[in-house]
Amino acid sequence: MTRTQLLGRAEDLAWTGALCASATSGRSAVAVLEGDAGMGKTALIAAALAEHDNFEAIAITGVEAEFELPFAALQRLVLAYRDMLDRLSETHRTALLVASGLADGVIADRLAIGVALLALVTTLSAARPVFLWVDDSQWVDEESLGVFAFVGRRLLADPVVMIYCRRPDGAGRDHLAGLPTRTLAGLDVATSITLLRSMRGEHGIERAIAAQIAVATGGNPLALRDLGDELTQRQLEGVALLPEPVPLGTHLQANYLRLVRRLPEHCQRWLLLAAAEADGNLRTVSAAAELAGLPRDASTPAELAELVTVADRIVFRHPLIRSAIYAGGTAEQRRDTHLRLSRASTELDLEQRALLHRAAVADGIDDELADLLENAAAASGQRGDFATRTRLLLRAAQACTGERRARRLLAAVQSAMFSGAIQQARAVMDEIDERFLGEDRRAELTVLRAEGRLPALEPGAFGARATALVRLAEALDTAGRHADAVGAVGMGIRGTWLSAHLTVGTTTSDLAEVALRLVDADAVNAPALSMRAYGEFILNRPGAADTYRAAAQYFLEHPSAALPYLYSYSGVVDVAGTLIDDASRDGILAGIEQCARRDSSGFLLANIVSFRAHFDIQAGRVAQARARVAETVVLLGASGYPEDHLTLRALRAGIRGWTAAPALDSKQTAAEIEECRDTAFGAGVELWQRAELLEQLAAGSPADAWDTARALLTVIGEPNAWLAIDLIEAAVHAEEFAIATELGDRLEHRSRVLDTPLGAGLRALARAAAANEPEALYRTAIERLAHADTPMYAARAHLRLGEWLRRQRRRTDAATHLEQAAAIFTAQGATSWSARTARELAPLGIASAPPRTQRTALTAQEETIANLAGRGATNQEIADQLFLSASTVDYHLRKVFRKLDVTSRRQLAAAME
C-alpha cells in the first residue's frame, strides 16, 4: 500500500516515518497508537511498513478467544523466531520457552521473561532494524502485554520501532500508561467523501449525502466502506432519505453493542433515548426518561464507561456508538422512544423536534404530518438552511401522494440546488410525476433541469438561462405565485451577469419590463425595491435614481440570507455597478455575505463570494480578488466543482491580467475564449480578453492592445466603467480619438447620475487620457480615487501623470508620482505594471523597488485559510466558515507557516498582505 492509496493519512504516515527514521539512526522509538475499531490502525502500520521495507516486521495480534490464556501472544512470537533462540543465553532461552509452553519447567517471573524478550528483540535488530507492533492490544493476554510493555520501556539505543495498537475502551491501559500516545482520528470530511465516491464512482453518490455520511461516521474508514456497500443507490443519490442516525455497518455494530450490553437495563433504555435525540438536548432526553419511569441517575453507568459525556448536551464518545445503540434497538423500542421524545419536545415547546420524532415513526400516508413538515421546511429555507429544507420536503413527499407529492419533490429539487447538492437534485427530478404538475411547475422543472446541466458545461449552457427564467416568471405570475415570479426575474438578472453579451432570447429591457409588471409600486421590501430600481433604471424612467437610492439604503440597513434577498439582490447590485456606486454595491454584498456565512449553505456563499471576486477584478483590487477566488474554489469544491472549472479559470485569468504572474499564453487564451463562447459564458470571454488587454497596456504594446480592445468593443454593449478606462487608453495609444471621446462621453453621462467620488475620479481619468493639458484632470482623478478602494486605478493615474510630467521635463514632479505608482504596483504584485513604471523611472536615474519575491505557492485551500487566519479568525471559526474540521484547519495552517516561513498569525497577516 502506498502513501497515495491510504487516503487522508499524510500526517500519520509522517509520524510513522519519523519513528522509523529514529530507529534507523539507532535510537529506539516506542509509542501507543489508539483509535476506535475500524479507524485504520492496521492499515496505517501496513502502509508504513510498505514504505520502510528495510525493517524486520514482527506483528503480534491480540485474539479475543485467547485473552484468558497466559502468554498466548508471547508464544506466537517465540514460535516465529524459535531458530533465533540459540543465539541467546541459556537463561533467556529457557525463560521464553517455558513461558510459551514449549519446554518443561517452572515459569520465571515476569521481570525475567521481559529481560529475555528484550534480548531476543535486540538480537534480531543486530541484523536489520526491527518494527514490532502489537495489534489489538486490548485482546492480548495480560501476561504477554505486561512483558511487551516492559520491553518497550527499556528500549533506548537500538534500531527498533515498537508500537502498541489499541482501542480507547480496551484493556491494558495500566501496562501502557505513560508511553507516548497518538490518537488516530477519523478522516476529514473531504477525504471521507473521496473514499466513498471512489467506491461507487464519481456519479454514484451525491456529494452532500457523502458529507452527511462522513460526519455521521466520524470519518471511520471501515464504517464508510460498509455503508458505501450497504446503502441503496437511491439513498446515496439523496432521493431516499438516510435513516437518522445513519446506520452502522455490520462489521462494527456488534463491537459497540458489546460495550452497551454490559450496562444495566435502565441505562440501556436511557442510551436509546439519547441516541434517538439528534440534537443531544439533555432537557428533552431527561423529560422523556421521566416519562419512561427511568431513574434520575440512569446515565451514570454510561458516563463511567466513557460512552457519553453529559452536560448541557449529550455527546457520544464517537458517533458510531450512537448509531450502534439506535440500530441495536427493536422496531418497537425505537417507536416507543421517538413517541416519548416527541411528547417531551412538545412539552418543552420544541415543536420542530417534536415533529421530526413523530415523522420518524410515521408509516404510510399522513397528510397532516406532510403539511407540518412542509411548514417546517419553509422556516428552514427562510433561515437559509437549505440542506434541512431539502430533507424535510423529501420526508413530506413520502407522506403524501399525487399533486402534493410532485409539488414537494419539485420544491426539494430547488432546495437541493440552492445547497449545492446538484446530483441529489437531478436524482429527485426523476422521481417527479409531471402529470401532477401545472403549467407553472412544469416550467419550473424545465428551468431546474437546465440548471442541473450547468456544471457539465454543455454547449450554450449559460446563454438561454435568462430567457427560461423570464418565461418561468410569467408562468408563475399567471398561477398567482407572485413572490416566486419576482425571484425568477432576480435569478434571470444574475444569469445575464454570466452570459453577458452571449445572452440569447431576451434582453435587459425584457427583464426590466417583467420586473416592473410584477412588483407593487408602493411596496417597501427587498424584492420590490430591488426590482423597481432595476426596471426603472434600465427603461430610463423618471425618478429612477431616487428609486435606486431607496433600494440601496434598504439593503444596506437590512442584510439577510433569507430567500427574498437571495432572489432579488441582483437588481439593486446591477444598478449600483452601472452607476459606479461601488461603495453601496460592496456594502450590500458584504452584508448578505456575512449573513450567508452564518445562516446559509456553502454553495450559496460560493456564489456571493465569486460575484464579489469578479467585481474586485473589475476594480483592480488584486489582493481581495485573489483571496475571494481561493475561497470560491474551496466552497465550490465542497459541492463537487473541480478546481479547474471553466468559471474558476476565467476568474484566475482576470487576476493574471493585472499581475502577469504567470503571464498569459496567447494560444491558451484563445482556446479558453473559444470554450467560453461554446458554453455562452460571456463573462468568461470578457475576463480573458480584458486580461489580455491589461497585459498589453502594461507592456506598452499599443498595436496589440488596440486589436484586443476592438475585439471587446465588437462583442460587448456598454462596457463597465473600469473597462471603459482600459478601452479609452488603448484607443488613445492607437490615435482612435473619436472612439476614445465617445467612450468618455458615455462614462461622463453615467458617472454624473450619482456623482460618487469614484465616478468623479474615473471620469477625470478618462478625460485626461486624450487631453492636451491633462495635469489638472490627473490630479483630480488621484484626489477622488484616494477616497475609493481602487489601488490599481489610483496607481495608473499616478503613472500616467508621471509619464506626462517626465515628457514635460519636470523630473522631480514626475519622480514623485512614478514612485507612488511603483509602490502600489509592487504591493499588489502587479509585475508587468511595475516593469512599465520602472522603464519610466530609469531615465530619471531612479531604481524602482524590486518586484515582491514570489512566495512559495499555496494551494487554494491553504490561501483561503491563511487569509482568514491573518484577519484574526480562530481555527474553529475558519472550520465553520469553510465546512471543515478544526483539526484540518490546524494541519493546513502548519503547512502555510512552513511555506511562508512565519511563526505567528501576526507575521502571517503581514505575509498575506
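So, among contacts in the protein chain between residues at least 6 apart in sequence, what percentage join residues at least 24 apart? The answer is 69%. Keep in mind that what we have here is a predicted model.

Okay, the overall picture. The protein chain has 913 residues, and 56% of them count as buried. By secondary structure, we're talking 47 helices and 7 strands. If you put a box around the C-alpha atoms along the principal axes, you get roughly 110 × 75 × 45 Å.

Now to the inside. The largest nonpolar core has 95 residues. The ones with the most contacts inside that core are Ile-432, Val-489, Tyr-548, Phe-555, Tyr-569, Val-572 and Val-573. And which helix gives the most to this core? That's α29, residues 563-578, with 9 residues.

Setting aside neighbours within four places in sequence, Val-572 is in contact with Ser-530, Tyr-548, Ala-551, Ala-552, Phe-555 and Ile-588. There's also a second, separate core, this one of 75 residues, and Ile-655, Leu-694, Ala-721 and Leu-723 are among them.

Next, a helix pair. Have a look at α24, residues 465-478, and α25, residues 482-499. Their axes come within 8 Å and cross at roughly 170 degrees. Anything over 145 counts as roughly antiparallel, so that's what α24 and α25 are to each other.

Who's touching whom? On the α24 side you have Arg-465, Ala-466, Leu-469, Leu-472, Ala-473, Leu-476 and Asp-477. They meet a set in α25 that includes His-482, Ala-485, Val-489, Met-491, Gly-495 and Leu-498. Sort the residues of that contact by type and you get 10 nonpolar, 4 polar and 3 charged.

Last stop, α40, residues 775-785. Here Glu-775, Tyr-778, Ala-781, Ile-782 and Leu-785 are buried. Looking down the axis of α40, those buried residues fall within an arc of 125 degrees, so they line one face of the helix. As a reminder, an α-helix has 3.6 residues a turn, so residues three or four places apart point the same way. On the other side of α40, Ala-776 and Glu-783 are exposed.

And what covers the buried residues of α40? The cover includes α39 (757-770), α41 (791-807) and α42 (811-828).

That's my tour, thanks.

Note on methods:
Residues numbered from 1 in each chain as written. Predicted model: local features only at pLDDT ≥ 70, side-chain atom pairs only at ≥ 80, totals over all residues. Heavy atoms only, no water. Axes fitted to C-alpha atoms, helices over the stretch in contact; angles between N-to-C directions. Helix = DSSP H or I, 4+ residues; strand = E, 2+ residues; numbered from the N terminus. Parallel < 35°, antiparallel > 145°, perpendicular 65-115°, else oblique. Contact = heavy atoms within 4.5 Å. Nonpolar A, V, L, I, M, F, W, Y, C, P; charged D, E, K, R; others polar. Buried < 20%, exposed > 50% of the residue type's maximum accessible area, 1.4 Å probe, protein only. Arc of directions from axis to C-beta. Core = buried A, V, L, I, M, F, W, Y, C linked by side-chain atoms within 4.5 Å.
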